[in-house]
Amino acid sequence: MAAFDELDPLSGRKVLVENNLTFHDVTEAVAAPIEIPNARWWGFFIVSVMMLGLLLVSLGWLFWEGVGIWGLNNPVDWGWAIVNFVFWVGIGHAGTLISAVLFLFRQKWRTSINRAAEAMTIFAVICALLFPTVHTGRPWFIYWPLPIPNQMGMWPNFRSPLLWDVFAVSTYFTVSLLFWYVGLIPDLATMRDRAKTTTRKIAYGIFSLGWRGSTRHWQHYEKAYLILAGLATPLVLSVHTIVSFDFAVSQLPGWHTTIFPPYFVAGAIFSGFGMVLTLLVPLRSWFKLENLVTIKHLENMAKIILVTGTMVGYAYGMEFFIAWYSGNPYEQFAFANRAFGDYWWAYWIMISCNVISPQLFWFKAIRRSPLLLFIISIFVNIGMWFERFVITVTSLHHDFLPSSWDYYSPTFWDMTTLIGSFGLFFTLFCLFVRFLPTIAMAEVKSVMPQADPHFGEDGHHE
Amino acid sequence: MSKPTESLKAYWRSLEAHSSMVSGAEAPVSHDEFPAAPTAELTQLRVKRRSFVGLLGASTALAGLTTGCLRKPVERIMPFAKRPEDLIPGKPEFYATGFQVGGSVLGVVAESQDGRPIKIEGNPKHAASQGATDGWAQATVLTLYDTDRSQVPQTRGEGGELQASDWASADEAINGILSGARGAGGKGVALVVPWVASPTLREHLKNFTKSFPQARVFLCDPTAPANATAALEMLAEQGARATYHLDGAEVVLALDADFMGDMQDHVRLAREFARTRSPLSPGEAMNRLYAVEPHFTITGANADHRLPLRAAKVGRFLVALAHELVTNHGVKLPEDIAGEIGPQELGEDAAKWVPAVAKDLINARTNRGKHSAILVGERQPAWVHGLAIILNTAIGNQTNSLRLRHDDMAVATEGVAALAEALSKGEITTVLCLDTNPAYHAAGALKMGELLGRATVVHAGFHVDETARLATWHLPLSHHLEEWGDLESSEGSMTVCQPLIEPMFDTRSAIRLLAWWATGNQMPSYDLVYGHWQAELGASFSKRRWERWLHDGIVTGVPRSPSTPVFQHFDALASAIKNGLKDAPQDELFEVNFHLDPKLADGRYANNGWMQEVPHPMSKLCWDNAAYISPATAKELKAENCDLLNIQIPEVGEIQVPVWVMPGQADKTVSLNIGYGREKLGQIAEGCGVDVSKIQRGENPWFAGNAGVSKTSGQRMIYSTQDHGTLDPGLGYPERPIVRETTTTEGGWAEPDFAKQGDLMKAEDLRSLWEHNEEATLGEPKLIGKQQWGMVIDLNRCNGCNACVAACNAENNIPIVGRKEVGNGREMHWMRIDRYFSGWDVANPEAVMQPMLCQHCETAPCENVCPVAATAHSPEGLNDMAYNRCIGTRYCANNCPYKVRRFNFHNYNLRMEEDMGLDPLVRMGRNPDVTVRFRGVIEKCSYCVQRINGAKIEAHISGRDTVEDGVIVTACEQVCPTEAIAFGDIADPSTRVAKLRATKRNYGVLTDLYTRPRTTYLGRVRNPNPELA
C-alpha cells in the first residue's frame, strides 16, 4: 500500500492506474486471469454451485409443498422471501449508480470498478426477481400481473404497488443488462482477438457484434452508452422508490411512511457499495488487480458508504421523530415495538451494523485498509438484510387488533432459500470472472494518462 | 383395528370393482356373481393399502387370463336419469330431526345435498333450540363422516384382539348371552346407558327391566344432569325433573353454572337470557348476571359481576345467601333446612357479595311479572342443587325460572361408582354398554377398566373406544343422522328424528339394539319409533299426523304427565346439607376441578377435527387441554405456560398436565377439561391432550380438594390462537377502542354516546383518497346495487360460545389445519371470536368477546393492493374473493387491518383427506355451493355469498328485484343461540340490520382508517350492581 497516492503528471490529480502501466499491461492484467484456469476459482465455483443446488432443492420442495414450508403465519404473511427480495434489489443498486450516475458526473474513477459492479447488479436483480416469483402461493400463474391480453378480459390491478414493482424491477433489469452488455462490447472484441480456442473465438465473436474499433464504432458506442446512462440514471432512483411503495402505500404502522422512498434509495446504495467492496477486495488481490482497483478506489467507495450509512441512520432517527411528532400513539407504538419489542435484537443488530460500523470510515487508516474494509462491508450486508427484516416483520407481527398478534420465526427452508440465493449469486459471479473481463479495459485505458492527447508532449515519454 | 378406509374406497367404487376385489382376496378366479351377503364380505376385507393395491392388480391380471384380454374395470357414474320425486339436483333439501348431548336436546333441521347431509341448522319451531344450535350440533355432520367410525361388529378372537365379524354371528352370540341371563332373571347383568332422552328408548329400557327384573341399570354419561336429578329425586320422588328458564329473569345468579356453555339446555337458556340483555337505548331494561365459579367460563365472561371461588365453597356461598335471605329479608324456608343454614366463612369478597346479591334477588321479586333465577351447575353436589331449588321456590321463582315436571317413563339408574362396586364384588358378570364408555368416562379412582376386564362386556358404540377394547363383542352404532329415533327435550318438546342417509356402514341404531336386548326381537328403528308413537297416541294417531310431525320436527298432541313433583323429603336434604358442610375446605391446599370440555364435551368429539380446532372459548387453546391456574398461583408454583404440572389426588393417582395461566381462575385451584388423551380412537384424537379422568374420585368426580400440585420438569407445547390476551401489550400502546363498553346507571347509561365517543377520528375529517377519481377501476367502488349488504353484531348478546365458528366451518368447507399448523399460527377459520380481558385486576378481570370476520369494508384496503384484482367489490357492497384469480401474494392479508384473511399455506383440504385420514368420507360433507380452495390462495368470509345469491335467484324467479329482509340468513346468524348477529340490507331503513345500525350502540372497528366497514358492532353495556361496584 502506497502511503501517498501517485499523482497524474498532467492534471496533478491522483492517478487512477498505479505503477505507470501501459495499455498492454492493462489488457494483460485483466485478460490473463480469464484465460488461465485457476485452482482457487474452481474452489469457489464448486462451493457456489453446491449452494445453488441447495436453492434448487429448496425451490423444488417449495413448489411441491407450498409456501407453508416457510415460517409465515397469519399476521406475518411476508417473511424472509420479501426480506431477501428487497435485500437483493438493494444490492443491485450500486452497479448502475456507478456506471450511469458517476458516468454522467464524469467520475473517472468509476471505470475500474463499474464492470464488476454492474455484473453484481445484474446477478443481484436476478436473485431479487426470484423471490417475488416463488413467494406467491401459485407461482405457476406468476405471469398474471403482466398486462397480457387474455380471453378472460382481465387486466391486472394498476392500483397495486406490487404491479408497479413488476414494471420497475423488470425495466431496471432490462436497462441494466443492456447497459452492461453495451459496455462489454469493446472488451469482448479484445477477448475475441486474444482467443486461442475455437469455442472462445466463436462465442466472443458472436457477442462482440463485429466490433473492429473503428472511429465510427467508437462514436456509435459512446452515444449509445451516454443514452443508456441517461435512461438508467432515473431508474436507479425509481426502482427502489417503487420497491419502497410496496410498504409505504399499505396502511400498516411502520410501513405507511412518506420517508420510505429516499430512505430506501439511500439504503440501497449503501448496501450496494457494501457488496461491491465485499466482492472487489478479494478479487483485486486474487486477480492481482491492485494497480487498477487502487486503494484510492476503495477509499472512495468507503466514503460513499459513510455518506449513505449516515443518511440511513438519519432516516432511522427521523422515523422515530415523525412517529412522535405525528401524535399518533399507534404509530409511536409501532416504533417503540421495533426497538424494544419482541424483535429488539434485530433492531439493534441493524443499528450497530448500519449506523455505527460505517462511522469507522471517518478514519483514513480504516478507509485504506482492504481487510477492515472487507470486514465492515460484511457488517453492512448483514445490517441491511436486518433492516428489511425489521421493516417487514416487526410491523406485521403487531399490527392493529392485538388478538391476531403473533411471533414469526424462520424455518430450515427459509434459511436454505437465503443461502441458496447466495449460491445463485456467487455462481453467476464466478462464471462472470471466469469468462468476462472483470474490469472495463477500454474505459480504464481512456482515463489513463496515456490516453490524454497531450500525453508525452513535455517529453515524459516512456 | 386397522384403518378401514381401503374397504371404504371399494365401497364407493362400482359394485363390479368391489366384487372382483373381494374375490381377489380369496379365490381370484371364481367370481361369485351374486354374493349372498355382500356386507359380510365387506367386513372380511381388512387389508393394508399396499396389499390392497397388489390384490387389485392380481385380480385384474387373472381376470385378463380368463377372458383373454385386459380391460379396465367398468366404472359408471349415474346421473339421476329418472329423478327421484321432488329432488332437483343441486338444490338442497331440509329435514327436521333432533340432536342430543346429555340432557340437552335440540330440534334441528338438517340440510341434505343429493342425499348427503351437510349442515345442521336450528329448528325454529322447537322450544329447546328455538332456531339455534350449539357448536356440537354443527360438528355432528363431521362425526357422521368420521373415517375412524366403527364399521362392523367385532369380537374378541383367539389372541385376545378384536376381530371383524358380522351381525349374524353377533346376533347369535349375544342372544346366547341374553338367553342365559333371562333364565336367571337378569341376575348379574348390568346395562350401562347414557342419559336417555328418547321416548322409544325409554320404553324399551322399561321393557328391559321387565324382561330382566334383577338386572341393574347404570348411568354413565358425564354430560347428564345427574346431580340435579338426584337432588330433585331426593326432595320429591323418582322421576321428578326440573328445568331452568330465564325469560323475564331480572337477576340471575349462576353458581358454578356455565349455562351458556355446557349446562343442560344451554342453547335455550342463552337465548332466553339474551332477550333482556340488549338495551338499544339508555334506560331500556336489562337483566343482571352474577357468576360464582372457580374457572373462568363464558358465563363468567358475560356476567356483570363475577366472583372466583373454589368449587367447594360455592355450596357454602349458597348457604350463606340462604341465611342472609332468611335473616334479613324474611324469606321462609322449610324448618328442617332452615335449621342447617348459618353464616359461612367465605372470605372478604364473598362476604360483600352475599348481602348485595340477596338484596338484588329480593328486589327482582318486587317488580310485577319479574323474578330472578338461581342456577346451579352440574358439577356441584346434589345438596347444592337441592338448596337452590328450595331457595328458588322460596323467593317465588318456581313456575317462572324453575319449572317442575314429572317423567312417568323414567327408569331408576345407579351411578358408575355403584357399578364399580358391584363389579368388584362379583355381583355383575355381564355388562351391556349401550352407547356408553365407562372404561374412559368413569372416574379413575374406580379402576373401571380393570374391573370391566373381569366381566363379559358387550359394547355398542360409535367408535372402537376404551370400553370396546375390553369387550367380548363390540357392536357399531349408527349415527343419529342415519337412523330413526325420537328425542324429548328437558322441558317436554318432542321430536321424531328422521334419518338423512342410509347407514353408511354395517351399523345399527341404539333403539334397535336395546329393543332387541329387551324383547329378543330385532326390528328396524322405523318400526320401533313408529310403533311407539302409535301406541302412545292410540286412537288419535294417524299417518297424516305422523307426517305432520316429521315435517315440523315437533310431536304434538301427546298428553303431558298430570303429576308434578311435590317436595316432601326436606329432612333428607337437610342431612345432605349437614354432610356437605361437614368438612371445611382447606384453603391452603389445592383444589382440582374437572369440567366438561366446551369443545369435546366428554370426549365424544375427540375425533372431530372441527371441534378439536375450534379454539377454547376462554383460553383459545386448540387441540389440547391444559391445567388452568391463576396468575398468582402460577407465580407461587413458578410455572409458565406449557410447563408440566404434576397433579396428585391422594389415594387416586397423579398426572402431568401442561399449564395455562388463566386470569380469573380462583387461586389455589386447578381446572382440567375432560375428554382428551384418547388413545387409539382415531387419527384426529391421537396425541391430543391428557386424559384427566384418571385422577377423578369416584364420589363427586367433579372436584377434589387436598390435592398436591407442583411444577415438574419438562414441557408440552400447547397452542392458543390468541397470544395476547389483553388490549394492552405495554410499550405505551394505548388501548384501541376496538371493544367499546359502558355501564348502566340509574335509568340510563354512564356514557350514553360511548359507542361514538370511541371514534378516533371525526367522520368529517375522514377523506377518501379516491373520491376525486371517477374512473371505475381507479376510484372508489361504485355501490350501485339496489340492496347493500351489511351485518351488525351485538356484543351484549354474544357470549363467545363458538357455535358460529363451527357453523362457518360446515357451511364454507373450511379445512382443518391440524395441531402443528395451529401452532404455526395458520388456522383457517373465517370467523374467530376475539377474547380480551379488561380491568386492572388480573385475579378477577372482566372479559369481552368479539366475533371478528371480514368487515366488507366499502373502501377495502385489501382490494387496491392485489396485483391481479383477485379481490374486488361487488355493486352490493360485498368484498368478493375470486379464488381462481388469486396468485397468493398475500399482500391483501398484510394490508387487512382486521386480519381476517386466511391463506392456504399448504393444500389443507388434501391434507385433511390424506394426512388426517378423512378421505373419502369428508368429501361427502362438503357444501357443493362453496368452492373447495386449493393451496396458495387467500380465502375469507364472504357473508355466505352462496346464500345471498340463492335468495336473489329465488326473488328473481318470483318477479321481485329485491330480497325481503330475513330471507338471507348467514350460517353464523342462523345458529347463534343469542341472536347476536343480524344480516341484511342496510340501504333499506326498515330492515333489522338498518335499525340496529341506527341505534346509539352502533360503532365500527378501526373506522379511523376510513375502511367504512359494513360489519358494525353494538357496544357492550354492563349492568353492575352499584353496591358491588
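Chain B is built from 33 helices and 39 strands. The model described here is predicted. Chain A, by contrast in its make-up, has 16 helices and 0 strands. The two chains touch each other through a contact that takes 44 residues from chain B and 44 residues from chain A.

**Chain B: overall form**

- For the 1029 residues of chain B, a compact globule would have a radius of gyration near 31 Å; the value for chain B is 29 Å, which agrees with that expectation.
- Along its principal axes, the C-alpha trace of chain B extends over about 85 × 85 × 70 Å.
- Of the 1029 residues in chain B, 58% count as buried.
- When contacts in chain B between residues at least 6 apart in sequence are considered, 73% of them join residues at least 24 apart.

**Chain A: overall form**

- The secondary structure of chain A consists of 16 helices, with 0 strands.
- The radius of gyration of chain A is 23 Å, close to the 23 Å given by the globule rule for 462 residues, so chain A is as compact as a globular protein of that length.
- The box filled by the C-alpha atoms of chain A, taken along the principal axes, is roughly 80 × 55 × 40 Å.
- In chain A, 50% of the 462 residues count as buried.
- Among the contacts in chain A between residues at least 6 apart in sequence, 81% join residues at least 24 apart.

**Helix 8 of chain A**

- Helix 8 of chain A covers residues 215–248, a run of 34 residues.
- At Leu235(A), helix 8 of chain A bends by about 30°.

**The contact between the chains**

- Chain B and chain A each give 44 residues to the contact.
- On the side of chain B that touches chain A, the elements giving two or more residues are helix 27 (861–865) and helix 28 (891–895) of chain B.
- Helix 28 of chain B supplies the largest share of that side, namely 4 residues.
- Sorted by class, the side of chain B that touches chain A holds 24 nonpolar, 14 polar and 6 charged residues.
- In general, the size of an interface is often expressed as the accessible area lost when the parts come together.

Key. Residues numbered from 1 in each chain as written. Chains lettered and ligands numbered in written order. Predicted model: local features only at pLDDT ≥ 70, side-chain atom pairs only at ≥ 80, totals over all residues. Expected span 1.5 Å × (residues − 1). Bend = angle between axes of the 7 residues up to and from the residue. Contact = placed C-beta atoms within 7 Å. Nonpolar A, V, L, I, M, F, W, Y, C, P; charged D, E, K, R; others polar. Rg over C-alpha atoms; globule rule 2.2 N^0.38 Å. Buried ≥ 20, exposed ≤ 12 C-beta atoms within 10 Å, placed from the backbone.
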